[in-house]
Amino acid sequence: MSEELQEMLNTAALQPGDVVSGTVTAIDDKKVSVDIGYKFEGIVPIRELSALRIDHPSEVVAVGDTVRTKVLKIDEDSEVVVLSKREADAVDAWEDLLRKYENNEAFDVVVKDVVKGGLVADVGVRAFIPASLVDRHFVEDLNEFKDKTIRVRVIEIDPENNKLVLSRKAVLDDEHQAQMQNIMRSLKEGAVVEGTVQRLTNFGVFVDVGGVDGLVHISELAWHHVDDPAEIVKKGDKVQVKILRVDPEAGRISLSMKEAEPSPWERYVDEFHEGDVVTGTVKRVVDFGAFVELRPGLEGLVHVSQISRQHVAHPADVLSPGQEVRVKILSFDPDRQRISLSIKEAGDDPLAGMTRQPDRSYDRQNDTHSGTGATLGDLFGDLFKR
């Protein structure tokens, strides 16, 4: 083919907007020369080399590199073809980034710059990584990421407005979640393991077991009643816990500190016997009696009939929580976890020596106070006489 024919074909084929490949032949401070097989020299101005600001073309290309460029203008007078590597890269980049976004795909980028509010990377187009999406925790100095390769995911993309937001935190969150899932699947329900107290709440304690946090509910901290978790543990304590339930899908682990140690019924099984007289503390008073704690978590019932040899209508009239009492063990059944106690049989009858008080309950039928025999009319009549 003659040179004239080749020139005619080249002139007819090349139009602004075309994407062509060429070889870098020269570099200076302001531009890059590219041989695109055309009668005119191709040049890429420095501003058209990258989506980011650069100080010198050598930051992007070197002599001998093959580059894809987009034709911006054919200048017949100057006999040059103005090219843009930046725009050619963007065409392919947006397509690739949209695919990654739709597939929720993670990929590597190199951090090129640190700006106010985040990081900048060149992925064929300018990509911004907000400071809040750089890590799972607050990063005080973002400069530590300059020129580093990081793994990210597209979380916002808008080619028409040239907007691309990436997140490293999203990738780290997924990696952390996957790691947690693996750890949780390795935990066996019923196993007793050591953990570290991470934080206390009013409803329980979070304990790290092998890299994941599980909850010890306040009811599972001890065999006895606990009002405040701080009574039992503090942050940083090493504790033994029993794994009650593991739910990897929900990301929840239920733990128990009390189940990791012998129950009071196991611990004190040989300490108490039927007929023993011991000292305990009233924990709760109910209509039918009172529960007395003999050891932490070990309670027995004093039935209302066992409080005094005298009639007791309401246990709360005689006993109150926190009161120390002597009791006799009537029966001790560890298998059924029941202890029957008696205060009156222990010799410390709380009503001993007291005169029986009249029952002043209100008699609706006769409109009287049964302890006086007087009607309400009599009582009010006496008042009016005064």
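Phe-332 is buried in this predicted model, at 17% relative accessibility, where buried denotes under 20% relative accessible area, exposed over 50%, and partly exposed in between (1.4 Å probe, protein chains only). Trp-265 is likewise buried, at 10%. The two rings form a tilted aromatic pair, 6.0 Å centre to centre with 35 degrees between the planes. Rings of Phe, Tyr and Trp (its six-membered ring) are taken to pair if their centres lie within 6.5 Å, with planes under 30 degrees apart counted as stacked, over 60 as edge-to-face and the rest as tilted. Because Trp-265 lies in helix α4 (residues 264-267) and Phe-332 in strand β19 (residues 324-333), the pair ties together parts that are 67 residues apart in sequence. Helices (H or I, at least four residues) and strands (E, at least two) are DSSP runs, numbered from the N terminus. Ring pairs also bring in Phe-272, giving a cluster of Trp-265, Phe-272 and Phe-332.

Residues are numbered from 1 along each chain as its sequence is written, and side-chain values use heavy atoms, with hydrogens and water left out. As the model is predicted, local features need pLDDT of at least 70 and side-chain atom pairs count only at pLDDT 80 or more, whereas totals for chains, interfaces and linings use all residues.

The whole structure contains 5 aromatic pairs. One of them, Phe-203 with Phe-206, is edge-to-face, at 6.2 Å centre to centre and 85 degrees between the planes. Phe-203 is partly exposed, with a relative accessible area of 38%, while Phe-206 is buried at 15%. The ring of Phe-206 also has the charged end of Arg-199 over it, 4.0 Å from the ring centre. A charge is assigned to a ring if NZ of Lys or CZ of Arg is within 6 Å of the ring centre and within 35 degrees of the ring normal. Lys-100 is placed over the face of Phe-107, at 5.2 Å from the ring centre.

Another lysine, Lys-85, belongs to helix α2 (residues 85-102) and is buried, with a relative accessible area of 16%. Excluding residues up to four places away in sequence, the contacts of Lys-85 (heavy atoms within 4.5 Å) include Val-44, Glu-48, Leu-49 and Arg-68.

Strands β7 (residues 118-122) and β8 (residues 126-130) run antiparallel and are joined by 5 bridges; pairing of two strands requires at least two DSSP bridges between them. Leu-119 has Ile-129 in β8 as its bridge partner. The two strands form a hairpin with 3 residues between them, and Gly-124 in the turn has a positive phi of about 95 degrees.
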